[in-house]
Amino acid sequence: MKIALMDSGIGLLAAAAAVRRLRPDAELVLSSDPDSMPWGPRTPEDITALALDVARAAAAHRPDALIVACNTASVHALPALRAELEPALPVIGTVPAIKPAAAGGGSVAIWATPATTGSPYQRELIGDFGGSAEVTEVPCPGLADALEHGDEAGIDRAVAAAAALTPPDVRAVVLGCTHYELVATRIREAVQRPGRALALHGSAGAVAAQALRRIGADPAPTAEPSGTLTVLRAGRPATLPEAALTYAEGRMLAAAAPVL
């Protein structure tokens, strides 16, 4: 079994780690193009062209499924990716977990990039799945870029700024960018209020499970950890960047499999 994941940068680590936990025997292909990020401020046409290049590099390794582990690419490029690659290669997009977060009502915050915050796409998701919840859109300028480069001070500043914009009575936070899941614990610590439960909702686990369903595979978390790891940057063989190893997911992937 071979699962490919694509993103502009290391935001794909959380979903890749989720796949690894479900199927330690799966071969993983991680395809990115960090020199072109961030994708958010680009035009939909540019994002689609970049996403197709990254996806084609992954598809050349003949995976059984491709996870688009990027909210921006899923918004703008998913139709083009599916039109080119399916049905031969199932393509699984990433959608912010607004529906489960809003299911309990109350105050819900969506942390997302400035380009996604307030976008028609996100507003439509809130309208469709927000229900009775009071949803606050929280822009997180600079957070994805700081995470991409392992900039600890930048991460702290961006998280603190977003936490200051988050309602104090918030019950759930949706992590609307795949990069943010890499520092979920730090986000929780910044937003959590004493005596108030806080739920964080990412997408990594859901897209990993959906990828297995699409190829008819069952989770097997106790399988022999024999899966290899192939890293592609701009279509060329590479290793996990140093910044990836500052996160638990990157270290787990590096330790669990040989890098091809």
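A cavity is a set of grid points, computed over the protein atoms alone, where a 1.4 Å probe fits but cannot get out. In the predicted model described here, a search of the whole structure finds one cavity of 30 Å³ or more. The volume of the largest cavity is about 90 Å³. Two elements, β2 (27–32) and β9 (229–233), each give two or more residues to its lining. The lining consists of Gly9, Ile10, Leu12, Leu13, Leu30, Ser31, Ser32, Val231, Leu232, Arg233, Leu240 and Pro241. By residue class, the lining of the largest cavity holds eight nonpolar residues, three polar residues and one charged residue.

The packing of helices was examined next. Two packed helices are described by the angle between their axes and the distance between the axes. For helix α2 (residues 44–59) and helix α3 (residues 71–85), the axes come within 8 Å and cross at roughly 55°. Angles under 35 degrees count as roughly parallel and those from 65 to 115 as roughly perpendicular, and α2 and α3 are therefore oblique to each other. Their crossing is right-handed. On the side of α2, the contact is made by Pro44, Ile47, Thr48, Ala51, Leu52, Ala55, Arg56 and Ala59. On the side of α3, the contact is made by Thr72, Ala73, His76, Ala77, Ala80, Leu81, Glu84 and Leu85. The residues of this contact of α2 with α3 comprise eleven nonpolar, three polar and two charged.

A further pair is formed by helix α1 (residues 13–22) and helix α9 (residues 204–214), whose axes come within 8 Å and cross at roughly 55°. The helices α1 and α9 are therefore oblique to each other, and α1 passes α9 in a right-handed crossing. In this contact, Ala14, Ala15, Ala18, Val19 and Leu22 of α1 meet Ala204, Gly205, Val207, Ala208, Ala209 and Leu212 of α9. Ten residues of the contact of α1 with α9 are nonpolar and one is polar, with no charged residue.

Helix α7 (residues 152–164) and helix α8 (residues 184–191) have axes that come within 9 Å and cross at roughly 45°. On the basis of this angle, α7 and α8 are therefore oblique to each other. The crossing of α7 with α8 is right-handed. From α7, the contributing residues are Glu152, Ile155, Asp156, Val159 and Ala163, and from α8 they are Arg186, Ile187, Ala190 and Val191. The contact of α7 with α8 divides into six nonpolar, no polar and three charged residues.

Two features of the backbone were also identified in loops. Arg62 has a positive phi of about 55°, although this residue is not a glycine. Its position is in the loop between α2 and β3 (65–68). A cis peptide bond, with omega of about 5°, joins Glu86 and Pro87. Pro87 belongs to the loop between α3 and β4 (91–92).

Conventions: Residues are numbered from 1 along each chain as its sequence is written. This is a predicted model: local features need pLDDT of at least 70, side-chain atom pairs count only at pLDDT 80 or more; totals for chains, interfaces and linings use all residues. Side-chain values use heavy atoms; hydrogens and water are left out. On a 1 Å grid over the protein atoms alone, a cavity is a set of points where a 1.4 Å probe fits but cannot get out, and a pocket is an open set with protein on both sides within 12 Å along at least five of seven lines; lining residues have an atom within 4 Å of a point. Grid points are joined across faces, edges and corners, and a volume is the space filled by probe spheres set on the points. Helices (H or I, at least four residues) and strands (E, at least two) are DSSP runs, numbered from the N terminus. Ala, Val, Leu, Ile, Met, Phe, Trp, Tyr, Cys and Pro count as nonpolar, Asp, Glu, Lys and Arg as charged, and the others, Gly among them, as polar. Axes are lines fitted to C-alpha atoms, for helices over the stretch in contact, and angles run from 0 to 180 degrees between N-to-C directions. Angles under 35 degrees count as roughly parallel, over 145 as roughly antiparallel, 65 to 115 as roughly perpendicular and the rest as oblique. A crossing is left-handed if the near helix is turned anticlockwise from the far one by less than a right angle, and right-handed if clockwise. Contact means heavy atoms within 4.5 Å.
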